[in-house]
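Take a first look at the model below. Then follow the text from the whole chain down to single residues.

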Amino acid sequence: MRPTIRSLLLSLLFISSPLVARAQVVIAGRVLDNGGKALPGAQVLIDGTTVGTVAVDNGGYRLVVNSPRAGMVLLVRALGYKPARQTLTQVTGSMSQDFRLIPDVLRLGEVVVTSARGETERSTLGATIATVGGDEISRANTVQVDAALSGKVSGALVQQMSGQPGGGTSIRIRGLSTISRSAEPLYIVDGVIVDNSSPTLIDVGGYSSNRLSDLDPNEIDHIEIVKGAAAAALYGSRANDGVVQIFTKRGHSGALRTSFRTTFESDNIEHKIPVNEAPVKEDGSPVTRYDYQDVLFQTAPRFSNTLSLSGGDDKNTFFLSGTAEQQKGILKSTDYRRQNIRLNLDRTINDRLKVGVSTAYITSKANVAPNAGLTNSFGLLTSFFFMPNYINLNPDPVTGVYPSQGLGLANPLDIIANWHTPQSIDRFIGGLNFTAFPIAGMTASYRFGFDGYTENAQLFVPRGSTAAQFPTGISTSSTDRSRLVNSDIDVSYVMNAGVLKFTHGVGMNWQRQQVDVVTASARDLALFTQTVQGSQPTATEGRDERRTLGFYGQEQIGVSDRLFLTGSLRSDASSAFGSEVRQQWFPKVGASLKVSDYDFWRGSSLARLANTLRLRGAYGYSGGQPAGSFDRLSNYVFKANGTRSGVINSTQAGNEQLKPERAREYELGTDLEVLEGRAGIELTYFNKKITDLILPKSVDPTTGFISQLANVGVLENHGIEGLLKLFILRGSTVTWNMSGTYATNSPKVTKVSSGGAFFIPESFNIIRVDSGEAPGHFFGTTYVRDASGNIVDAAGKPIKDASGKIVGIPAIGPRKIIGNPNPNAYWSFINDVGVGKSLSFRAQFDGVQGGEIFNFDRRLLETPAFGSGAAYADELNGLVPKGYFQARRSIFEEYIEHQTWVKLREVAVTWSLPEGLLGRLGTHGAALTLSGRNLKTWTDFQGWDPETNAGAQRTLVRGFAFATPPIPRSYALTFTTNF
Amino acid sequence: MKFQINDRRATLRMVAAVLALMSVSACKLDISNPNAATAQGVLTSVAGIRALAVGMQGRLSFSMDENLYIPAVVSGELGTTSITQSTQREYQNFPTASSNSAISETNVDLLDIWAKNYGTVKTANDILDNIDALSFAPGTKAGLVGLAKIYQAWSYGFLIEAFEKISIDGGATFVDRPAAFAQILSLLASAKTDVTGTTLTTDFTGSILSPNFDMLNTIRALQARYSLAAGNYADALSFANEIPAAASAVITFGGADINPFNNYFHGQKFYGAISTFRANAEPGDTRVDKFTKSNSFAPLGGATTFETNIFSSDGDPIPAWSQDEVTLIRAEALARLNRLPEAIDQINIVRARASLPAKTAATLSTQAAVLDEIFTQRTYSLFVTGLHWADERRFGKIALAKVRYLPYPFTVRATNPGTPANP
C-alpha cells in the first residue's frame, strides 16, 4: 500500500523526473543601472524555480545552481527597472554575468499578481494594476498604512475620515460601487485575506477605526492595487470595490541586516474656526467670550521606533521586525499606542519546493474622544458646537465640580477629565505558503491564511457627570471577536509553441469569516466602579458567519511577446447567496498589444517619438456580496406575550434569490513611454455598471411582511485615470523626478426599487438615494428666490437692499437636491529632487475637485441658541436683522459648501550621512529626514477639514461636517540606519 | 542518492500538511442563523408552533396601540396634546376635513395599523397551515387552531372598521364589508366548533393561552359584535345571550411586554380625553370619573383635553370586550328588531351600572330615540375601546361621507396593483 500512496502523492505533485547525479554551476556578477549605479536588493533567480538570491550593497550577487539544465533562464528584477533575462550558457563550473537594468518609467515589466498566485508581468495585462513601493509608504511617515497611500495611486481616493488617533481611513477605488455594503476594497496581506471592517462597537461619533490601521507601514515591501474587473478572477464575488494586495518584507540570504528607524513628530491643529467675539449676548448684556478650541486642542507628540533584522543562508531566510508607536491626539485626552511584531520565514526544501511562513501580532489601544455623531447626542466637540461661547467651563475652584454647559450636554472639560472611551485590539495574522515547481513551466502553490482579532471598546461616564443624559453614569463594554480563514490552491503552467506562449491557470479559493459581538451596558453605577456593574444592566449578542467557495480558470496567450490575450472564468458560491442562486459566474477578457515592439514602429521615426507604446483593454464581471450573512433567510424573531416568550416572522422577508451585486466593467487604455524613457504616460478610461444592487424593497404589508432585500438597483460610473511620470533631470549631481495622478468619476444611481427615493438611515434625513441622481446626495430645505435669482423673504421681497446689506429674513423653501458629496476628480502631484549623494527633497500635493460638503458645524455655530461662531456676531452687532440666523438655520442649502481642496500632503528633506561618518558609526547607511504632513490646506470650505466626515467610513454618509476633529498638521524628524 | 530520497520525504510531508490544512476548511455552504429562528425551524416543529401561538397573542397586544388610538382620535374621543405630534394630529384633523387628504398615505401609523394587523393574520396562518403535519394532543391542537382563528377574525375586524375594503387572501383580492364580515363570522363559528368539540388540555390553557382570556366567551362576544356590524341582528342577539353575566376576557401585559397607553396617557401625555366627554355627560354618571380625570392638559394647538383615568400602569390589561358592550349589543339588536321595551330594559342595566336612573318607554318613545340612547351609552361605556368610530358610522353620526374610512397606506398601493381607490 505505502508505495502506491506515495506514488500517488508524488504524481499529484508531478514529480516524476528520473533521479540523476547533478552538476553545479556558480554564477556571479553585479547588477547595475544604465548609469552604473549599484542596485542593491535586485532579485536574481532562475526562472521557474526556487533558486535565487539578492544583490548586496555594491550590486554584487553570487548564485549557486545545483542541478542546472541547459536552457535555464537567469532573471533579474529590481523595482522601477525593466527585468533582464539571460539564458544559462553553461551548466558546470563558474560563470560571470553582469546586468545593466534600464529604468522602467511605467513599471510595465514589473511582476504583479493577477490570480491568486498567477504572477505575470504588467505589460501583458489588459487591465491596470498599480504598485506602490514600501519606500513610498514609509517615507509618508504615517501611523497607518492606508493613510500613506493617499495620492500614490491614480484612481484610488484615499480619505482619512477623522483626526482622532488610531485610524479611520477609507479607500475608494474607481468611485462608488454599492449602496448597502461597505465600499472598501478587499485586502490581502501575503496571501491572507484580512479584515478591514470598521466596527462601531460603541458609537463615538464620526470615528471608527478601520482594521487595516493595525498594520505597520514599516513592514511593507510593496502594495498592489487591482482595480475593477481585473480583480474578478482573483476574488470574484468580493472584487467589486477592487482588491489591495499587500506584500510584507522577507529575508534574503547573506549577512544579517539590521535596520533601525526612529521618528519624533509633533502634531497640531492646522487652523481654528473663527468664533463669536461679540461683547454682548441677545439681551444686550455684556459677556466674556472664550475660544474653546484653545482648551480642547493640544500640541501632540508622537514617537515611533522600528527595529528589523533580516538575513539567512541559501536555504533559510527570515525577516523579523518590531515597531512601537506612541502618539497623542490633538484633541485632549486622546492617544494611541500600537506594537507590531512580524516574523516572516522562508525555507527552500529543494530546487522545486519552498515553504514560507508569515506571522504578525498586533496589540493596540486608543483613547478616543466621544463626539456625538449621527446617532448620539453627547461628546466633546458636540458640546463645543451646542453651546454659547460665553459660559465659563472651568470647574469650581473650591468644590472641583464642573459647571453645566447650559444645554444639558456634558461639559467638554468634564469629558476630558473624567470620561473614558478606550478601544483596544489584539490581533494575529498568520499565513502559510507552499510553492512547488514540479515540472518545467509549472508552478503549484497552496496557501492557508488566518486573521483573528479581538477588539474591545468601552464607554465610561462616571456618576454625577454633567451630561443630563447620564445623571447616574453609564458603563458599556463591547467586544468583537473576528476570525477569517482562507485556503487556496493555484496551479499555473506555461507552454511555448512557436511564437505562441500559453499560460494555463486553475485554482480554488475557500474563505470563512466569523464575527461575534457581545455588548454589555449598565447605568446607575456604583461609585468609582468602571466596569459594567449597576442597575438596569443589559447585554446583547450577535453572531455572523459566512463561507465562500470559489474556483477559477485562466488562460493567457502571448503572441511573439507582443500581443497578449487573457480570458478567465471565476465561479463563486457563498452562504450569503440565496440557495436558489448559489453558484455565480464572473467571466473576464483582456488584451494587451505592445505596438512599439513591432518592426514597423521600431524602424520608423515613431520610435524616436515614443519608445514604448502599449494599447490595452479589458472587459469583465465581478461581484459584491450581500452585507448581511443571513439576509437571504426568512427569520422568526422574539415576541413576548406578557412574560411568555414567543416568535413571529420578522417583517423583513427572506429572499432565496438574493445574489451578489454584479459589476460589468470595461476599460481601455494606453501606456506610453516618450523622450527615450524620460517620460511615461498611463491613460485609462473605465466604464462601470453595477446591476443587481441590493436595496430594501417594499413588500405588500398585506402578506405580513413589510420589506425585503432584493437585487433591484442599478448604479453607473465612468471616468478616466491618468498617470504621468517625468524624469526631468538625471544628472550625476542633481536628479529631479516628477509624477502626477488624475482621476475622474461620476457615479449615478439609475434605478432604485419601486418604492422610489429613500433616505439613508442615520443621516438626519438629509442624505438620499434616488434614481437619476448621484448616490448619497444632499436633500434639504432651500432658499426662495425671485425671478432674477435674489433670495427673498416670506413676502417675496429680496432680503438684501440695493447696497447688498441684508435687511430681510429669508423664507424657507421646499426640500430639494442641494448637493452631492462625490467629488468629480481627484489628483496628486509629486516632486522628488536629489542633490549630490546626500540630499533629497520631496513634496506631494493632493487635491479633490468638485463635490459638496454639508457643513452642519457652521449651522450650529450660527444657531442663535448656541451662537458661538463668528458669523452670528453680525446679528448681535446689529449688522443683520434680528431673527435672520434663526430663519437661516432652517435653510439647509445655506450650509452646502464647495468641497474642492488642495493639500500640501508631504514635504521632506532627507540628508544621507556621508560614507566617512558611516564608517566611524559602523553602519552601512544612515539618513536624517525632516518632514511635514498636511501642512497646508487651500479650500473654500469653512470648517476645520474638508476631508473628515461625521459618517466615518460609512458607504453613503459622506461629506458631512459635524463635530469631527480635523487631520492634524505634523512635523517629524526621522533617523534611519542600516548596519 | 540519499539526498534525493530525503527530498522526496520532505515533499511527501508537505503534501500531507497541505491536505491536513485543506481538511480544516469543510465546504458546507448552508449555515443556520444563530441570531434568529428560521421558517424551517419554526414551522416544522411542535415547539415552534407553540411559540408562534404565544407570539401571535403578543402581536395582537402590540397592534392594540393603533387599533385603539386611531379610531379614538378620528372619532374625537381622544385629542393630541402637542402640535409636534404631526403623525397623530393628521387623524385629529381627519373627521373635520372635507376630504381624506388630511391623512397622507405615507403616515407611519397608517402603515402600522395595516401591517400590524396583517402580521397577526400571517402568524395565525403560519399556525393553521402547518399544524396538521405535526403531532399534538387533540386538546392542545384544538386550542391552538381555535385561538389562531379567533385572532385572525379579530384582526380582520379591526381592519374592516378602519378601511373600506380589506384582503382576506393575503393581498390577492380585496373584499367589501359584507364579504369581510362573512369571513370573520365563519372563522369564529369554526373556532367555536374547535374549542367546544374537544376538552382543551391544561397544557394549552395553562402555558399557551394568555391568562384571563376566556376563549369561548370571546368567540361569542366577537360573533355578537360583528353580527351586529354586519346587520344580522337576530344572530347578534342570540350570540350575546350565550354569554354569562360574569364572563370577561382581557389582553394581558407583563414584563417587558407593556401596555403602551400608560406612557401615552400619563407618561409623555400624548393624548387626553376631549373635553366634551366630561362636559356632555349626564349628571351623576360614574363612568366620567372612571375613565377621565378632572385635570386638563394645555391645548398645544388642539382642543382642550383631560387626562384619562385608564391604563395607569405598564401592566394594566386591555379588555377584549366588556359586559357593557354585550348588554348594549343586546339592546341595539333588540332596538333594530323594533323590540323597544326589551331594548330599554337592556339600556337600563347599563345605566344602573353607571348609577343613572332608568329610562322608560315614555322617555324613549321612538326607535330613533332608543338608538340615540344606545349610542350615548356606548360612548360612555366603551371609551377608548376602538369601537367609537364604527359606532359613529353605524348610528349615522358622521356628516361627511368622504371621511368614513382611512386611505390605503402608500406601501400597499406601491406594491399591490389591486389596491382599491381611496374612499
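This is a predicted model: local features need pLDDT of at least 70, side-chain atom pairs count only at pLDDT 80 or more; totals for chains, interfaces and linings use all residues.

Residues are numbered from 1 along each chain as its sequence is written, while chains are lettered from A and ligands numbered from 1 in the order in which they are written.

Chain B has 18 helices and 7 strands. Helices (H or I, at least four residues) and strands (E, at least two) are DSSP runs, numbered from the N terminus. Of the 423 residues in chain B, 49% are buried. A buried residue has 20 or more other C-beta atoms within 10 Å of its own; an exposed one has 12 or fewer, a partly exposed one falls in between, and C-beta atoms are placed from the backbone. Contacts count when two C-beta atoms, placed from the backbone, lie within 7 Å. Among chain B contacts between residues at least 6 apart in sequence, 71% join residues at least 24 apart.

Now find helix α5 of chain B, residues 108–130. It packs with α6(B), residues 138–160, at an angle of about 155 degrees, their axes 9 Å apart. Therefore α5(B) is roughly antiparallel to α6(B). Axes are lines fitted to C-alpha atoms, for helices over the stretch in contact, and angles run from 0 to 180 degrees between N-to-C directions. Angles over 145 degrees count as roughly antiparallel, under 35 as roughly parallel, 65 to 115 as roughly perpendicular and the rest as oblique. α5(B) passes α6(B) in a left-handed crossing. Left-handed means that the near helix is turned anticlockwise from the far one by less than a right angle; clockwise is right-handed. Residues in the contact include V121(B) and L128(B) of α5(B), and A148(B) and F158(B) of α6(B). By class, this contact of α5(B) with α6(B) has 10 nonpolar, 4 polar and no charged residues. Ala, Val, Leu, Ile, Met, Phe, Trp, Tyr, Cys and Pro count as nonpolar, Asp, Glu, Lys and Arg as charged, and the others, Gly among them, as polar.

α3(B) also meets α5(B). Their axes come within 9 Å and cross at roughly 160 degrees. So α3(B) is roughly antiparallel to α5(B). α3(B) passes α5(B) in a left-handed crossing. Among the residues in contact are R59(B) and E66(B) of α3(B), and D112(B) and K116(B) of α5(B). This contact of α3(B) with α5(B) divides into 10 nonpolar, 8 polar and 6 charged residues.

K269(B), with a positive phi near 55 degrees, follows α11(B).

F311(B) has a positive phi of about 50 degrees although it is not a glycine. F311(B) lies in the loop between β6 and β7 of chain B. With 21 other C-beta atoms within 10 Å, F311(B) is buried.

Finally, R378(B) sits in helix α16(B), residues 367–381. R378(B) counts as buried, with 25 C-beta neighbours inside 10 Å.
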